[in-house]
Amino acid sequence: MTVNLYLPLLAALVLGSAGPSLGRRLPPAVATVLLTAAALATASTSLVSLALLAVLALLRVPRVAAEGRLSDAVLNHGPTSPLTGAVAGLALLVLLPFAARAGVRLWRESARTYRLAKAFSAHPASIAIIHDPRAQAFAVPGIPSLPGHAAIPTRIVATDALLRTLDDAQRRAMFAHEQAHLRRRHHLYLLLTNVAAVANPLLWRLPDAVTEATERWADEDAAAAVGDREVLARALGRAALSNLPGPPRTVPAMAQAHVGARVRALMAPPPPRRRVLAVVVGVAIAATVWASIDSARETEDFFDTARAAWHVAHLHSTHR
Amino acid sequence: MATGRRPAGALEQEVLAALWASPRPLTPAAVQEHLGDGLAYTTVKTILDRLHDKGMLTRVREGKAYAYSPVVAQADLAAEAMRAALEGSSDRPAVLSKFLGEISADDAAVIRELLGDLP
């Protein structure tokens, strides 16, 4: 029981540190789906574990135990000790500010993306072009029609500098890349991973890892759509270099997919499938979820025992 | 170059992109040439007319045909929002994926090594 209780927390720790390199080893579509699933599974199960630990720690207070008609003799031999309770509490206090910061950031970015999509409602074409000296493009996700809310269609935004930098074939490859983001709904994977990282800040590196995987996924999709890997590599390379005589920024280690790595991947054959690794990750996700369900069930059994012991003890005292 | 079928909206995007990339107005025949893959002249003409009707293109007479050029977006709501998104934290995006991240000196070296100086 103790192991199952801590396994989700351990899984979150492992995923938080190994997630990015794991993602790079898998083909991008598989990496995106598995990392998102793993992030959601570890975030939700570690919340369950924390809740169970909190309840178990609270019940060690004799008055609370008596109030719940539970035997403190049984509770005191439970799966937690005052030390683990203190460590868990401390960890929670340390992680809370990170969770709050990530939550605020996600809220702001989502609100901004929503405003952007909404601002386009009246725009007459599926592409919008801004006059800007930087070569850049991005896909704005649409919003399905909701009650009292008309649907907002998807848009592609590009700067005129990017369109002038690329030739006809390269522009087509760039559009195919942006279409792939929209068609595969990459923003949903990013949103879900970000939510998971808010729920458990140990997963803080996952959103960047999934961003990187979705970029590589869109690259692979676009290369397949135009039937030429090199033309997209050249589009990326040319656009990136055209932005250069601005200040070449040193990018934080875990930032967005490095354009150099993407060009390298496109100049190589398509990535191998790595089926075994994918299955291993899938099994690990399933095991974490199972462990969480099992620990919840065993905690319930444990309370049943404590309740029974309380009744036995109190029956004896009334008969005496 | 590309295979014949395009997803919905892609033709419109490519037509507009070609007009933006061109230093001077383009006739339907010139746009047709940019798009390749044996697109029908009437298809290109229809798209240009529609974009012109929506106020996204201006046109000038050039011989028998019209030559089209894009209307540079005014400071409308969408343009403002786009600029905000462009400025926004490009190195740590939350839900908006950009075509290019910030380029580092290492990236530039890799690109030059793989693709030469003018990719």
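Biologist: In what order do the elements of chain B run from the N terminus on?

Modeller: Helices (H or I, at least four residues) and strands (E, at least two) are DSSP runs, numbered from the N terminus. In chain B the order is α-α-α-β-β-α-α, which gives five helices and two strands. This is a predicted model, in which local features need pLDDT of at least 70 and side-chain atom pairs count only at pLDDT 80 or more, whereas totals for chains, interfaces and linings use all residues. Residues are numbered from 1 along each chain as its sequence is written, and chains are lettered from A and ligands numbered from 1 in the order in which they are written.

Biologist: How many residues has chain B, and what percentage of them is buried?

Modeller: A residue is buried if 20 or more other C-beta atoms lie within 10 Å of its own, exposed if 12 or fewer, and partly exposed in between, with C-beta atoms placed from the backbone. Chain B has 119 residues, of which 37% are buried. A contact requires the C-beta atoms of two residues, placed from the backbone, to lie within 7 Å. Of the contacts in chain B between residues at least 6 apart in sequence, 37% join residues at least 24 apart.

Biologist: Which residues of α3(B) are buried?

Modeller: The expected span is 1.5 Å times one less than the number of residues. Helix α3 of chain B (residues 41–53) has 13 residues and reaches 18 Å from its first C-alpha to its last, close to the expected 18 Å. Its buried residues include Val44(B), Ile47(B), Leu48(B) and Leu51(B). Seen down the helix axis, the buried residues of α3(B) fall within an arc of 100°, so they line one face; the arc is that of the directions from the axis to the C-beta atoms. Thr42(B) and Asp53(B), on the other side of α3(B), are exposed. The cover over the buried residues includes α1 (10–21), α2 (28–35), β1 (57–62) and β2 (65–70) of chain B.

Biologist: Which residues touch the most other members of the largest nonpolar core?

Modeller: A nonpolar core is a set of buried Ala, Val, Leu, Ile, Met, Phe, Trp, Tyr and Cys residues joined through C-beta atoms within 7 Å. The largest has 101 residues, and those touching the most other members are Leu35(A), Val157(A), Ala158(A), Leu203(A), Ala222(A), Leu232(A) and Val15(B). Helix α9 of chain A (residues 206–226) gives the most to this core, with 10 residues. Apart from it lies another core of 11 residues, among them Leu53(A), Ala65(A), Leu70(A) and Ala306(A). Not counting residues up to four places away in sequence, Val15(B) touches Val31(B), Val44(B), Ile47(B), Leu48(B) and Leu51(B).

Biologist: How many residues does each chain bring to the contact?

Modeller: Chain A brings 76 residues and chain B brings 56 residues. On the side of chain A that touches chain B, helix α7 (residues 168–183) gives the most, with 10 residues. That side divides into 38 nonpolar, 21 polar and 17 charged residues. Here Ala, Val, Leu, Ile, Met, Phe, Trp, Tyr, Cys and Pro count as nonpolar, Asp, Glu, Lys and Arg as charged, and the others, Gly among them, as polar.

Biologist: Where does UniProt place the feature "transmembrane region" in chain A?

Modeller: UniProt positions are given in the numbering used here, feature names are shortened, and annotations may be inferred rather than shown by experiment. The unreviewed UniProt entry places this feature at residues 33–59 and 276–293 of chain A. Residues 33–59 of chain A are 96% helix and 0% strand, with end C-alpha atoms 39 Å apart. Residues 276–293 of chain A are 100% helix and 0% strand, with end C-alpha atoms 26 Å apart.

Biologist: What is the phi of Arg69(A)?

Modeller: Most residues other than glycine have a negative phi. Arg69(A) has a positive phi, near 55°, and is found in the loop between α3 (62–67) and α4 (72–75) of chain A. Arg69(A) is exposed, with 11 other C-beta atoms within 10 Å.
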